[in-house]
Amino acid sequence: MFITFEGIDGSGKTTQSELLANYLKQIRGENNVILTREPGGTNFAEKIRGILLKNSIDPISELLLLISMRYEHVKKVILPALKEGKIVICDRFIDSTIAYQGYGLGIDLELIQDLHKLVKIKRPNVTFILDIDVQIGLNRAKDKNKYEKMNTSFYYKVQKGFQEIAIKEPDRCSIITEIKAKDNNQVHVEIINKITSTMQ
Ligand code: TYD
């Protein structure tokens with residue numbers, strides 16, 4: 001089973017993907033669950049991640065780089081683990097590219113989809129979209145990378161991207177709203193409930 005977490009910066013994806021991984025490791029066994037992330041997930045891609053998140057390049061160059069990193073990640077980490085029957089949890093995946101590079105930076109969505117034909121997996125089994133208020137998310141994220149320094153209008157477009165993905169693919173996507181009114185544990189329980197019903 002392939003599970004992804006998506007959302008704007010500061011939405012709490014990393015915390016929630018870790019909580020879910022720990023929960024699933026307890027019920028499925030430590031070695032049967034893999035937690036990984038993008039951009040990154042392989043030695044190569046983790047090295048590029050640091051450079052990518054600090055330096056601005058042309059959006060198309062950036063898109064090609066992200067897809068190249070994703071190709072490595074899918075081929076060398078995600079697919080082999082899925083073939084062994086493991087559960088793979090990934091903190092960001094293709095939807096981030098659609099939301100950030102597509103909706104946010106304005107790259108044609110079809111071009112993004114077409115380039116992803118190179119990548120073997122296009123659809124995770126379940127995607128959690130953590131939909132937090134843009135201002136709250138950005139206050140939490142605190143300018144750690146170049147995207148977090150973009151203006152808020154960029155983030156409103158990215159947020160809209162994630163919301164539209166959730167509307168277009170309700171079978172795959174589970175959107176979690178009103179995060180500010182919930183604590184991490186409440187969000188975690190919502191996620192576990194969804195995963196439990198999907199695994200049955
Ligand atoms: P993330 O790991 O969520 O940030 P951090 O843990 O440092 O807070 O993601 C890094 C950034 O990369 C995030 O701002 C979104 C961006 N990103 C894209 O623009 N496109 C992509 O395809 C991916 C995977 C990430």
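1. Arg-92 is found in the loop between strand S3 (87-91) and helix H4, where helices (H or I, at least four residues) and strands (E, at least two) are DSSP runs, numbered from the N terminus. The phi of Arg-92 is near 80 degrees, a positive value in a residue other than glycine. Most residues other than glycine have a negative phi, and most peptide bonds are trans.

2. Some notes on the basis of these values belong here. The model is predicted, with local features needing pLDDT of at least 70 and side-chain atom pairs counting only at pLDDT 80 or more, while totals for chains, interfaces and linings use all residues. Residues are numbered from 1 along each chain as its sequence is written, and side-chain values use heavy atoms, with hydrogens and water left out.

3. Pro-39 has its place in the loop between strand S2 (33-37) and H2.

4. Turning to the ligand, 17 residues surround it, and Arg-92 is listed among the closest, together with Asp-9, Arg-49, Thr-97 and Gln-101; a residue is near a molecule if one of its heavy atoms lies within 4 Å of it. Helix H2 (43-54), helix H3 (59-83) and helix H4 (94-104) each supply at least two residues of this shell, and H4 gives the most, with four residues. By class, the shell has eight charged, five nonpolar and four polar residues, where Ala, Val, Leu, Ile, Met, Phe, Trp, Tyr, Cys and Pro count as nonpolar, Asp, Glu, Lys and Arg as charged, and the others, Gly among them, as polar.

5. A polar side-chain atom of Gln-101 lies 2.8 Å from a nitrogen atom of the ligand, whereas an N or O atom in the side chain of Arg-49 is 3.0 Å from an oxygen atom of the ligand. For Asn-145, a side-chain N or O atom is 3.4 Å from a ligand oxygen atom. The protein covers 91% of the 560 Å² of accessible area that the ligand has on its own, by the Shrake-Rupley method with a 1.4 Å probe.

6. Finally, the structure holds seven aromatic pairs, meaning rings of Phe, Tyr and Trp (its six-membered ring) with centres within 6.5 Å. Among them, Tyr-100 and Tyr-155 are edge-to-face, 6.1 Å centre to centre with 90 degrees between the planes; planes under 30 degrees apart count as stacked, over 60 as edge-to-face and the rest as tilted. Tyr-100 lies in helix H4 and Tyr-155 in helix H7 (residues 152-168), so the pair ties together parts that are 55 residues apart in sequence.

Technical notes:
A polar contact is a pair of N or O atoms within 3.5 Å; within protein, one must be able to donate a hydrogen and the other to accept it, and residues adjacent in sequence count only if both atoms are side-chain atoms.
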